[in-house]
Amino acid sequence: MNERPPESPAGAISLSIPLISGESGTAHLGGELHFDAHEPYAVTLRVRTAARSVDWVFSRELLADGLLRPSGSGDVQVWPCHNVRGDAVAVIELHAPTGKALLRTPAPAVQEFVNEIFAAVPLGTECIHLDIDAVVEKLLS
């Protein structure tokens, strides 16, 4: 079941999603996709394990494209697939120096999230939403 927190005044959109890790699908993890209009080019995937949470930040276009075709060539790759019951799922593969994780989550929930973030910040308008001062501060810290 998806839980959708209310939008924040900063223009953030979040979606809580279940994630199933591994090829056998035995580990169920908590996950959340997050988008902030002040960082309009990126989405954050927070994966919660029993021990900790890990954030992965990647292109919102990579996520959108990955619902239609295999996308990404670096640390994050996304592609469409179907589970054993025939349900549409988005597969998200995360690569780290210590290994990789293969996650599956319901594609309709991810598609709804993608639709909402592109409605909030349409393609081609990202630069008017970007908080340049915050970007520079992050780079200098």
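From the N terminus, the elements of the protein follow the order β-β-β-β-α-β-β-β-α-α-α. That makes 4 helices and 7 strands. Both kinds are DSSP runs numbered from the N terminus: helices (H or I) have at least four residues, strands (E) at least two. This is a predicted model, where local features need pLDDT of at least 70, side-chain atom pairs count only at pLDDT 80 or more, and totals for chains, interfaces and linings use all residues. Residues are numbered from 1 along each chain as its sequence is written, and side-chain values use heavy atoms, with hydrogens and water left out.

**Surface and core**

The protein has 141 residues, and 35% of them count as buried. Buried means under 20% relative accessible area, exposed over 50%, and partly exposed in between (1.4 Å probe, protein chains only). The accessible surface, from the Shrake-Rupley method with a 1.4 Å probe, comes to about 8300 Å². Carbon and sulfur atoms hold 57% of that surface.

The largest nonpolar core has 27 residues. Such a core is a set of buried Ala, Val, Leu, Ile, Met, Phe, Trp, Tyr and Cys residues joined through side-chain atoms within 4.5 Å. Leu45, Phe58, Leu63, Val76 and Leu94 touch the most other members. Elements giving two or more residues to this core include strand E5 (76–82) and helix H2 (107–120). H2 supplies the largest share, 6 residues.

Contact means heavy atoms within 4.5 Å. Leaving aside neighbours within four places in sequence, valine 76 is in contact with Trp56, Phe58, Leu62, Ser71, Ile92, Glu93 and Leu94.

Glutamate 93 lies in strand E6 (residues 88–96). Its relative accessible area is 9%, so glutamate 93 is buried. Not counting residues up to four places away in sequence, glutamate 93 touches Val76, Trp79 and Lys100, among others. The side chains of glutamate 93 and lysine 100 meet in a salt bridge. Lysine 100 is exposed, because its relative accessible area is 61%.

A salt bridge is a side-chain nitrogen of Lys or Arg within 4 Å of a carboxyl oxygen of Asp or Glu. By this rule the count is 5. The table shows some of them.

| Aspartate 65 | Arginine 69 | 3.8 Å |

Aspartate 65 is partly exposed at 32%, and arginine 69 is partly exposed at 43%. Aspartate 87 is partly exposed at 36%, whereas arginine 85 is exposed at 65%.
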